Amino acid sequence: MRTPSLSPWAALVLTLVLVGLWAPCVVSRKPNFIVILADDVGWGDLGANWAETKETPHLDQLAAEGTRFVDFHSAASTCSPSRASLLTGRLGVRNGFTHNFAISSLGGLPLNETTLAELLREAGYTTGAIGKWHLGHHGHHHPNSRGFDYYFGIPYSHDMGCTDSPGYNLPPCPPCPRHSTSARVARKDCYTEVALPLYENVTIVQQPVELGSLARRYTEEAARFIQRASDSRRPFFLYLALAHMHVPLTPPLTPAPGRDIYGASLAEMDALVGRIKEVADSLGKGSTLLWFTGDNGPWAQKCELAGRLGPFVGAWQRQRGGSSAKQTTWEGGHRVPALVYWPGRVPARRTSHALL
């Protein structure tokens with residue numbers, strides 16, 4: 001049986017009161033919600049958090065116009081469990097999610113769990129998920145069966161399956177073979193037998209995925225979803241789970257002088273977030289709450305292709321080596337950037353030190 005849940009409105013009001021963001025104003029209509037979830041982003045990947053980072057002007061502007069949380073933690077230090085917790089409000093020990101799903105996995109987010117999308121849809125919202133799902137890709141585990149009216153994206157990470165051309169990765173993975181199966185080369189950590197699919201709802205619209213255009217397509221689909229919802233005059237919930245920054249996609253542009261591959265990918269993600277904010281603002285500032293955060297810390301095993309931990313490298317790592325990032329319970333594994341933007345309702349130019 002399903003666990004009793006707060007209504008989406010009760011949950012929203014309770015959250016705003018607890019974090020001290022409540023503004024003395026009346027919302028005349030139901031607000032829109034956009035949750036942007038970056039993959040494996042480091043706390044130090046946000047320029048507003050870490051002065052050495054120069055590639056995030058749009059995110060830094062978002063921080064300046066909203067509230068920045070510096071002590072915000074994801075519910076887990078790996079992808080699937082943190083996403084399950086985000087959408088259910090329950091930790092992995094309670095929702096059954098403790099490890100990532102693989103291509104061969106048959107299960108998914110337990111069907112007796114209630115998602116935020118289901119609650120909001122019952123409250124009259126149109127709901128959309130764009131990007132990486134990674135909560136089960138068979139049968140009723142698909143996003144369309146978990147409360148989302150619309151889905152566009154990939155079922156798991158973009159390095160889980162061969163693609164049109166190799167992206168940046170360590171170790172490098174070969175592209176999907178173009179002719180015979182004899183061209184297949186087995187390499188560690190590479191899924192050469194399955195071509196990564198791109199879905200629109202339950203239909204595969206591209207396989208293998210074209211990595212170089214994935215960020216652009218996510219931006220376009222997100223903008224279309226927002227516009228469709230606006231035209232229908234229904235409030236909307238958009239869950240935008242980015243491919244960035246897991247491992248860099250094949251960038252459409254050569255990195256600028258002084259900027260490495262990771263920096264170019266970070267700048268691409270920043271521009272994407274800036275575009276979504278622009279589209280949301282075009283509907284009328286104050287009508288949409290936009291939340292940006294990460295699923296967990298950077299993937300340190302990817303070396304120069306991994307994100308920045310900021311100050312969260314302890315004496316243990318400095319003296320003995322090892323990682324304090326993703327897949328660990330050290331601070332850098334689960335402390336992630338977090339910004340909330342809601343003009344007229346969430347204070348601007350504010351930094352919150354609340355532990356969340």
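My entries on ring pairs and charges over rings follow.

Ground rules first. I worked on a predicted model, where local features need pLDDT of at least 70 and side-chain atom pairs count only at pLDDT 80 or more, while totals for chains, interfaces and linings use all residues. I number residues from 1 along each chain as its sequence is written, and side-chain values use heavy atoms, leaving out hydrogens and water.

Entry one: ring pairs. I searched the whole structure and got 11 aromatic pairs. Rings of Phe, Tyr and Trp (its six-membered ring) pair if their centres lie within 6.5 Å; planes under 30 degrees apart are stacked, over 60 edge-to-face, the rest tilted.

Entry two: W43 and F312. Their ring centres are 5.2 Å apart with planes at 85°, so I logged them as edge-to-face. W43 is in the loop between β1 (32–38) and α2 (57–65), F312 in the loop between β8 (288–294) and α8 (315–320), 269 residues apart. Helices (H or I, at least four residues) and strands (E, at least two) are DSSP runs, numbered from the N terminus. Both W43 and F312 are buried, meaning under 20% relative accessible area (1.4 Å probe, protein chains only).

I found W133, F148, F237 and Y239 linked by ring pairs.

Entry four: charges. The charged end of R320 sits over the W316 ring, 4.2 Å from its centre. For this, NZ of Lys or CZ of Arg must be within 6 Å of the ring centre and within 35 degrees of the ring normal. I also noted R228 over the face of Y150, 4.9 Å from the ring centre.

Definitions and conventions: Buried means under 20% relative accessible area, exposed over 50%, partly exposed in between (1.4 Å probe, protein chains only).
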